[in-house]
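Subject: Structure handover

Hello,

Here is the structure for your files. My notes follow below it.

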Amino acid sequence: NILMATKLRHGDANSMMAQGGIQAADRPEDSPILHYLDVIGGGHFANKPELVEALVKDAPFILKWHEELGVQYDKNPDGTYMERPGGGTSRFRLHSAKDYTGMEIMRVIRDEFRNREIPVLEFTPAIELIKDDEGNVAGAVLYNMETEQYFVVRAKATVLATGGFGRLHIQHFPTTNHYGATADGLVMAYRAGAKLRDLDTVQYHPTGAAYPEQIVGLLITEKVRSMGAQPVNKDGELFV
């Protein structure tokens with residue numbers, strides 16, 4: 001029996017705003033090994049190798065699973081995936097669904113969730129993990145933000161998938177992060193005794209829209225740069 005408790009609405013996540021695409025090494029001239037090297041190099045060799053290995057090995061199968069569920073990735077006339085270069089990649093492996101890849105993935109996964117009739121508690125975040133006498137996580141305390149009620153949920157397995165902390169405005173940067181990205185999961189995990197890593201790193205997306213006014217603050221996908229766009233200053237000069 002699965003229960004999902006979410007801080008805001010079902011599907012409120014940075015993934016909804018992900019435009020550029022999702023990477024998977026599935027071409028004959030590509031391989032998970034090359035993908036692994038790209039990721040390790042892009043992470044300045046600070047990545048956890050086991051996590052990178054799982055990412056690059058699972059990626060092609062995840063793409064296939066997505067498509068079986070109904071995600072409509074861009075295709076060439078011959079039926080093969082349309083793939084573009086991404087930041088720091090040595091091969092074309094960026095799979096996209098127009099310029100709303102994340103929203104397309106989330107649309108399908110949310111529909112699948114509802115079709116399987118898995119219950120979802122919206123506006124009801126977990127606020128503390130519960131541990132048993134042996135120190136293992138055995139559930140969580142939930143708080144309904146609308147009714148101000150507390151709930152205790154017992155669970156054989158608890159999965160935290162709360163995203164990052166971009167909405168904390170680290171160093172006072174503006175952000176396109178959604179309003180739920182405030183490190184709640186990190187704090188709960190830390191209180192329960194989990195070891196946290198890479199807290200000294202945060203991704204800053206380098207391009208966002210300042211004009212026209214209707215799209216101020218929206219992110220401009222890295223795919224725009226991978227297709228040849230170059231950021232210039234007010235004098236038209238390259239500065240990166």
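In what order do the three strands of the open sheet come? The order is β6-β7-β8, with antiparallel pairing. Strands pair if DSSP finds at least two bridges between them. β6 (126-131) and β8 (150-154) are at the edges with a single partner strand each, so one side of each has no neighbour in the sheet. From one strand to the next, the twist averages 25°; axes are lines fitted to C-alpha atoms, and angles run from 0 to 180 degrees between N-to-C directions. β7 (residues 137-143) is joined to β8 by five bridges. Gly139 has Arg154 in β8 as its bridge partner.

A word on sources. This is a predicted model: local features need pLDDT of at least 70, side-chain atom pairs count only at pLDDT 80 or more, and totals for chains, interfaces and linings use all residues. Residues are numbered from 1 along each chain as its sequence is written, and side-chain values use heavy atoms, leaving out hydrogens and water.

Now the helices. Helices (H or I, at least four residues) and strands (E, at least two) are DSSP runs, numbered from the N terminus. In α1 (residues 32-42), His35, Asp38 and Ile40 are buried, meaning under 20% relative accessible area with a 1.4 Å probe, protein chains only. Their cover includes β2 (22-23) and α2 (49-69), where contact means heavy atoms within 4.5 Å. His44 follows α1 and has a positive phi, near 55°.

Last, Ile109. It lies in helix α3 (residues 101-115).

Best wishes

Notes: Buried means under 20% relative accessible area, exposed over 50%, partly exposed in between (1.4 Å probe, protein chains only).
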